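I opened this notebook to keep track of what I looked up, entry by entry.

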Amino acid sequence: MDAALCAFDADGTVTHWNREAERILGWSAAEAVGRRGFEGWAARSADAEETLGRLMGAMKGPGRQVHEFVLLRKDGGRVLVRSQAAGVRGADGGPAGVYCAFSEVHVQLDLERSVALSEALFEDASWGVVLVDADLRPAVINGHAARAFGTGRTALLGRPLGDVVLHGVEELEGALQHVLAEGTPPAPAEVWVTLRTSSGERRRCWRSGFLRLSSPMAEEPVPLGVAWLFQDVTEERLAARGADRLRFRWSQLHRAGAAAAECEDPVEAATVLLDFALAGFADHALVDRPAGERRLTRALATPAGTAPGPFSPVVGGGIPLRYGPRHPALEAWDRLGTVRASAGRTAEVWAEAHQWPGDAAHALCVVLRSRGRTLGVLTFLRAACRAPFEREDVVYAESVASRVAMSLDLGEAP
């Protein structure tokens, strides 16, 4: 047995003594069996009777009794042990002796701490804990992880992670396979996943740590699976990403202003401003100028193809665009404000109907105003692979538009 075991008959004489007891105390079975109690060999004389009395009390009490006491090693050293004693009944039903299993207290405490830690992780932990077996399927999930997945604690057991992780499951499974093959990685990793839930898809960022689990009972390490611990850091990452984007955009505006200040031609200055503004913000930009009541003509544009290029005046411009009455650019003109629009499933048809480049799927139309006059409409376009324009994008676009409008106004000044 892994635990030390000894047994006493009804008189307190040692009848059994296993190898683990010999390892802990140094007394062999031949030296222990036949002695009454521990006095004179495995316990101090002052403690021996009390220790034996506590152990033999298990004959009369129900269930198991737990005790802690000090025993003596054969080499004279002392060891504090924790025991569990249970009475043994004879054929007639009367008390026949006591079985006692014991271990060193510090070993028992280590075991209890490990059990307590496991229970705490799977009940009260403020981060997700998932035990994944060697087939990369969850074997145990704590409450926090179940809530993160949007499932119950047993709903995902034995099922592939791909049942709830729509995007990012390949990266997760790759990390788990690496840990099984190579061992625990030195640092946590951040993984972006898209979850499939009853309320729709959710995009989350999980800071994940992985631990390879090996059986302590095998002679050679045998992987049992991986312990995966994670925390949701989506809000932190989105905030940091937003701050980085904001710093970059205003840095671009600063650089654009400095470059435009060196242009003698106001229209060239406007194109320089837009070239800087496009970086990381949109795929295309167009400037439409007025050509009569609710009629616009294309004045400046980026290249219509997929290859990026500098902003430039439109050759042969001046012909009014065939914009429909509900075109976003005309709506911006009428409102003297900003309009956002996105295509449905037929993005190419939508872009063609609006006379925009064929890959356009999201639009942001900003009116160009200077000195109380409307000078045109600036339209930023994004492809379908990018996110739609948001409110924070509107603030940036309007800041760019105000600078462009001033340059165009300067170009009209006599």
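Is leucine 364 buried or exposed? I found leucine 364 at 0% relative accessibility, and therefore it counts as buried (buried is under 20% relative accessible area, exposed over 50%, partly exposed in between, with a 1.4 Å probe and protein chains only).

Before going on, I noted that this is a predicted model, in which local features need pLDDT of at least 70 and side-chain atom pairs count only at pLDDT 80 or more, while totals for chains, interfaces and linings use all residues. Residues are numbered from 1 along each chain as its sequence is written, and side-chain values use heavy atoms, with hydrogens and water left out.

**Entry: around leucine 364.** I placed leucine 364 in strand 16, residues 360–370 (strands are DSSP runs of E with at least two residues, helices runs of H or I with at least four, both numbered from the N terminus). Setting aside neighbours within four places in sequence, I listed its contacts (heavy atoms within 4.5 Å), among them Phe281, Val339, Leu378, Phe380, Phe389 and Val394.

Entry: I traced an open sheet of six strands in the order 14-13-12-17-16-15, with antiparallel pairing (two strands pair if DSSP finds at least two bridges between them). Strand 14 (312–313) and strand 15 (338–342) are at the edges with a single partner strand each, so one side of each has no neighbour in the sheet. Strand 16 and strand 17 run antiparallel and are joined by ten bridges, and valine 367 stands opposite valine 377 in strand 17.

**Entry: helices on the sheet.** Helix 9 (residues 328–335) packs on this sheet, touching strand 12, strand 13 (296–301), strand 15, strand 16 and strand 17, and its direction makes about 160° with that of strand 15 (axes are lines fitted to C-alpha atoms, for helices over the stretch in contact, and angles run from 0 to 180 degrees between N-to-C directions). I noted Pro328, Ala329, Leu330, Ala332 and Trp333 as buried in helix 9; just after this helix, leucine 336 takes a positive phi of about 55°. Helix 11 lies across strand 12, strand 15, strand 16 and strand 17, and runs at about 50° to strand 16.

**Entry: aromatic pairs.** I took rings of Phe, Tyr and Trp (its six-membered ring) as paired if their centres lie within 6.5 Å, with planes under 30 degrees apart counted as stacked, over 60 as edge-to-face and the rest as tilted. By this rule there are 17 aromatic pairs.

Phenylalanine 281 lies in the loop between helix 8 (266–278) and strand 12 (284–290), and phenylalanine 389 in the loop between strand 17 (373–383) and helix 11 (391–412), so the pair ties together parts 108 residues apart in sequence. I found phenylalanine 281 and phenylalanine 389 both buried.

**Entry: charge over a ring.** Arginine 382 lies over the face of phenylalanine 281, at 5.4 Å from the ring centre (NZ of Lys or CZ of Arg must be within 6 Å of the ring centre and within 35 degrees of the ring normal).
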